[in-house]
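Let's take a walk through this structure together, moving from the meeting of two chains to the parts within each one.

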Amino acid sequence: MTELPQSIKNSPDPVPPDSLKGVPRQQTNPSRWNGDGWEAFVAELVSQGITINQGLANRSGYITDGGGIAMGLPRGVLVARSPEDIATTLKAAQKYKVPVSVRGGGLTTEGECISFGALQLDMRGMSNVIHIDETNLTVRTEAGIYWHSLAEALRRRGLDYISAPLNMTSSVGGTLGVGGIDINSPKFGCSADQAIALRVVTPTGEIVECSEQENTELFERVLLGYGQFGVITEATLKIRPFTPITMHYFYYSSLRESVEDLRFLVEEEAADYLGILTMLDRAINLLVAFDSDEKEREFFNKYRKRIKGHGEIGFALHMAAHYALHPWRVKEALYLLERKRSLLPELSPPGHMQEGKIIDRTVVFSRAVWKFWGGKKMIIPDLATSSEKFAEAVEKGNEVCRRYFPHYTLYCVGIKLFGSFESRPRYELSCIPPDAHDFGYGCEFEPMLGNHNYSRDHFQSFKNEIYDIGVDMGTSYYRFGGMMKGYIRRAFGDELVDKHLAMKQKADPAMILNPDVIF
Amino acid sequence: MSKLENKPESIREVDVLIVGASLSAAAASKRLVDAGYETVAIERYALPRNKPCSGIISPRGHRFLIENFGPLPREVLHDPTSCRGVTFHFRGMLQMPMDFDHGSTPHLNRRNSDHWAIMRSKVEVHDSTCLIDLEDKGTHVEILARRNGEEVRYRARLVIGADGPNSQVVRSLYPGYRKSIKWFMVKQHLHEIIECPLDPEYFHFWFHPELGYYTWSHERNGRQIVGVGYDAEEKKLSLRHRMTIEYLEKHYGVKLKPTEEREGVVNNFGLSLINRYVFGKGNVIVTGQAAGFLNMIAEGMSCALHSGAIAGEAAVESMRRNSDLQSVYRDTIASEVRRCSDQWNPIKILFDRPHEADFREALSKLQGRDKRKVIVEIFRFLYPWGRYNWGRQILMQAVLRELRGYYSPSRWL
């Protein structure tokens, strides 16, 4: 068979620029790496005492990520044991131009942590808590640790992490690289904003300590940097005393009203935890929780009457009236009832409750997330917006959900910002919306797939429609890497992306660390 | 005795064997190779090979190519490199130009584009290798092929048939199938241009029942293509082509030199209209045009790419989870069936936007009398199709689609 001529391999797409308006001519589903230099790379690592596991059985465990859509089989796997091993590996990777994809909990959804035929670096070999400082309320931990393991270690000392993703099997290092949003993010910001200091292995294999005082530029690039500027091996994080929480639910049948109330409560700092979880767009649940009885009392005295949410009984009567007038929607009513019956008790399980308070939100939320939202595939496109654009973005995204899936959930949160884009360069090219001040907002649009099989194309079309809303409205996204990276230039503009590309090329001359995530 | 019972010792064992090396095969290969499965694609011709095709891919197909195989090199495109839209022509010189929704779309050189895509998928291709027969053993599939006159054997966990409308995979699976459906012949003639006032930026299609079922023209590499499609049993395509040339000269002032080159292909047109797709059985699935996917204006490349990718994904899913290949494939292919059959669905055409060009908007731009004339002409154009008895089936499928939200899988083979 004739090989492709060199000109075909290299020339750019000459279809006129009006074609696929706005969509960049960029391959977003990467090709499998061709393996050039792999043998020499492995041999060099072996000579330095580092073994790459190349067995098929071992590699197969890394074939996909939490999204379950993108597939890529690594050529070899290295379970990280020390920063020195990682440094040696990255130096060799630069020399032989071997792509390295880093993975912690593997909970990306767009294939960001997948290796397409090259080296998979599994950080879960570095998952020890190094030191807990009870006086200054900080913890030093290896970055491959799961948040639930960290929570367990802190809990023994009566301490707690500050904010972490609701899914506790994500790793600390991966989370700091992308954000980490919790329902207390309106109060504490994202997880990346809890980091005080990091140990990082740069793409060229230097081991560097960095913080807001030391190697600041690297610190700011690595936080929310989508793994482009280094591998986080250790992190010092702020922590706090552990407190049980009191949770209240307010119910809405109007998406806009619930979103407006969320914005109001976030911006008034009226509660310690705030978020919206919906059942379709019919039953909308505003979660409001408190660390202290004083804050709870203040909320009920000062804010309760100013929001429109119903209590459970009031909402049940409202819904009964609605479905009595719309009897052809009986299937939807039954779905909502079943969902309520199974989900709500899981958010206050007797084993994790004490005197009406949730004593272990880590377990409660993480379990509920996997049980009710997890599955063999997780499709979670999102929009991250300023306060002003949030309600409209949620409504438009909801319309897309209705057209694509019979059942879905929206998850909305606020995110406190600490400073401006100038004072915190980490916010640049991240999920933090460029036009947000003080608070950003995010909404995830998650279909409930059950056992139904949908094609990847169906999911991709759905995600594209959600992300097109973001392009039209000038928002950001939480998950803009991997398969969705075609939206990066559309959302952030060429100037900013080129600036980051230049920084990346300088930091990672062979462009080997986490390729295909952003660039 | 089956041809497969006489087994030589040398058999190539693979996870998946793909029959064909065109766009649907490339898309399926991409998914399988990415996931690390040992995959071989066999192709009966030596690559790169010619493929009779207009080459005008829809914007959705263009996006798929970019996202999965990268930016298109110049060599995979004809000249003009792109097409802005479609112009419908009706008797009485009535014209309806419609731009594609997402701007111009590529004019693919199928010889090079298919070769480029299959190579970019990184699958191992055995070209000049023709499938002779296959036998599903339940746990695997035995495949007999021929290369340069010699028998070649494969043993695969799964087989994907992506070998076009006249599929040998379908014939092996369903021996009587070929005789059970209607076949059409499509021929495109390339002419040197003396004078051609037809806008070279558009694909031109004639709603003219006397010229043919499928009559089109567009420019390619300085020559003009004039193509005609009709019932394969009629065997008068050359006559229809001559009539079309005369018609174009008389009504449009198109002056062309005699045919320099011609290409023809048989077509299983109709399966997507009546929701009669062929998706295979056991460990063998069928995709692309072999399965019956064909968009309106007979654009098959976009649905070949998407259905091919879905076949690849279904194979990956089935092997990873040890789940039934057929049920995974038939669940996941439903989205592509909706997209494709919606394009032919009269309810969708009247009340929705199933195409990537806005027919209703173009119609609304016409004067009242012309609007009526267009509708009458479309009905006149459809009249000869009555002999295939598809009308009731199309209507029934359209109504059921509205009621259920999907096309019934029970009609699929």
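**Where the chains meet**

The contact between the chains takes 36 residues from chain A and 49 residues from chain B, where two residues are in contact if their C-beta atoms, placed from the backbone, lie within 7 Å. This is a predicted model, in which local features need pLDDT of at least 70 and side-chain atom pairs count only at pLDDT 80 or more, while totals for chains, interfaces and linings use all residues. Residues are numbered from 1 along each chain as its sequence is written, and chains are lettered from A and ligands numbered from 1 in the order in which they are written.

On the side of chain A that touches chain B, the elements giving two or more residues are helix 1 (6-10) and helix 15 (456-473) of chain A. Helices (H or I, at least four residues) and strands (E, at least two) are DSSP runs, numbered from the N terminus. Helix 15 of chain A supplies the largest share of that side, 3 residues. By class, this side of chain A has 14 nonpolar, 15 polar and 7 charged residues; here Ala, Val, Leu, Ile, Met, Phe, Trp, Tyr, Cys and Pro count as nonpolar, Asp, Glu, Lys and Arg as charged, and the others, Gly among them, as polar.

Now look inside chain A. An automatic or database domain assignment divides chain A into domain 1 (19-123 + 500-507), domain 2 (125-243) and domain 3 (246-479). The C-alpha centres of domain 1 and domain 2 of chain A are separated by 22 Å. Their contact takes 19 residues from domain 1 of chain A and 25 residues from domain 2 of chain A. Helix 4 (83-96) and helix 17 (494-507) of chain A are the elements that give two or more residues to the domain 1 side, and helix 4 of chain A gives the most, with 7 residues.

Chain A also holds an open sheet of 3 strands in the order 1-3-2, with parallel pairing; strands pair if DSSP finds at least two bridges between them. Strand 1 (76-79) and strand 2 (100-103) of chain A each have a single partner strand, so one side of each is left without a neighbour in the sheet. Strand 1 of chain A pairs with strand 3 (residues 119-122) of chain A over 4 bridges, and A:Val77 stands opposite A:Gln120.

Finally, turn to chain B, which is divided into domain 1 (1-82 + 110-186 + 269-413) and domain 2 (187-267). In chain B, 21 residues of domain 1 are in contact with 27 residues of domain 2. Helix 12 of chain B gives the most to the domain 1 side, with 4 residues.
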